[in-house]
Amino acid sequence: MSVGTHIEWTETTWNPVSGCTKISPGCKHCYAERFAERFRGVKGHPYEQGFDLKLVPEKLTEPLRLRKPQRIFVNSMSDLFHPAVPDEYIVKVVDVMTQADWHTYQVLTKRSARMLSLLTGILNQARQCKHIWWGVSVEDRKYGFPRINELRKCPVRTKFLSIEPLLEDLGEIDLDSISWVIVGGESGPGARPLLKEWVLNIRRQCRLHGVPFFFKQWGGVRKSKAGRLLNGRTYNEYPEMGSPAIQSR
Ligand code: SF4
């Protein structure tokens, strides 16, 4: 567990699974892959097997041991709903989240179809947990919009969008039942551009529908230089945790 992270919208990362495979254009410059592959072959290192998907059961109980309430990004180095993660293992991860309920969990996936299928089936004990937020990544209309539609069908309280790396103007977005929107550009070598008007379009729609808006970063090759100011200010809004007002929007 990594308490204190550079990811602006969370506090702690928890990786009971590591590694993944690419599924859509947003994965092209996957940060997790770049990080993990640096250690491939390094004997004894947690990423000795690079970005190959691996269950890490010894990390399962970490949230139970962390007494201070944290906002926890679940699987920052993987995707919980990857097809190689067995259903029974996902149930174990979710069981820990339901037990260690003093934390807030942020579960983010690109495999929204499987998330929907499990949340309407074997994960039904987690459905109404206020402290678990469920989100999908959106990089463009083609891949992102079907994920939003599947997220909307999930029988959970807090649903969010991580629109990062934003790769094109999304036009009109259906924000019905969405509780939170994060927007960011790609960072690191080969970063694809982010246009200000694309970001302003999303902020405008969030304002219109009363959805909290978090602007994470402009990105670019040197993300610290580009910063995260939008029209001279930061946007660090969060959903009110489990608020019925948010849920019914
Ligand atoms: S789904 Fe996420 S973790 Fe997996 S390859 Fe794509 S960007 Fe990386």
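## Basis

This is a predicted model, in which local features need pLDDT of at least 70, side-chain atom pairs count only at pLDDT 80 or more, and totals for chains, interfaces and linings use all residues. Residues are numbered from 1 along each chain as its sequence is written, and side-chain values use heavy atoms, with hydrogens and water left out.

## Overall fold

The chain has eight helices and 10 strands. Helices (H or I, at least four residues) and strands (E, at least two) are DSSP runs, numbered from the N terminus. Along the principal axes, the C-alpha atoms fill a box of roughly 45 × 40 × 35 Å.

Of the 249 residues, 54% count as buried. Buried means under 20% relative accessible area, exposed means over 50%, and partly exposed lies in between (1.4 Å probe, protein chains only). Take the contacts with a separation of 6 or more: residues 24 or more positions apart account for 73% of them. A contact means heavy atoms within 4.5 Å. The chain exposes about 10900 Å², and carbon and sulfur atoms supply 54% of that area. Accessible areas come from the Shrake-Rupley method with a 1.4 Å probe; for residues, only the protein chains shown count as cover.

## Cysteines

The structure holds zero disulfides. A disulfide is a pair of cysteine sulfur atoms within 2.5 Å. For C206, the closest cysteine sulfur is in C154, 19 Å away, which is too far for a bond. C206 is buried, at 1% relative accessible area. C27 is also buried. Its relative accessibility is 9%.

## Helix α3

Helix α3 covers residues 87–99. Its 13 residues reach 18 Å from first C-alpha to last, close to the 18 Å expected at 1.5 Å a residue. The expected span is 1.5 Å times one less than the number of residues. Buried in α3 are Y89, I90, V93, V94, V96 and M97. They cover an arc of only 150° around the axis, so they lie on the same side of α3. The arc is that of the directions from the helix axis to the C-beta atoms.

## Helix α4

Helix α4 spans residues 112–119. Six of its eight residues are buried, so α4 is largely enclosed by the rest of the structure. Those buried are S112, R114, M115, L116, L118 and L119. Where do the buried residues of α4 pack? Their partners are α3, β6 (104–109), β7 (132–137) and α5 (141–153).

## Helix α5

The 13 residues of α5 should span 18 Å, and its end C-alpha atoms are 18 Å apart, which agrees. G144, F145, R147, I148, L151 and R152 are buried in α5. Their arc around the axis is only 160°, which puts them on the same side of α5. The face turned away from this buried side carries the exposed residues K142 and K153. The buried residues of α5 pack against α4, β7 and β8 (158–163).

## E197 in helix α6

E197 is found in helix α6 (residues 196–209). Is E197 buried or exposed? E197 is exposed, at 52% relative accessible area. E197 and I173 are 24 residues apart in sequence. In space, their C-alpha atoms are 15 Å apart.
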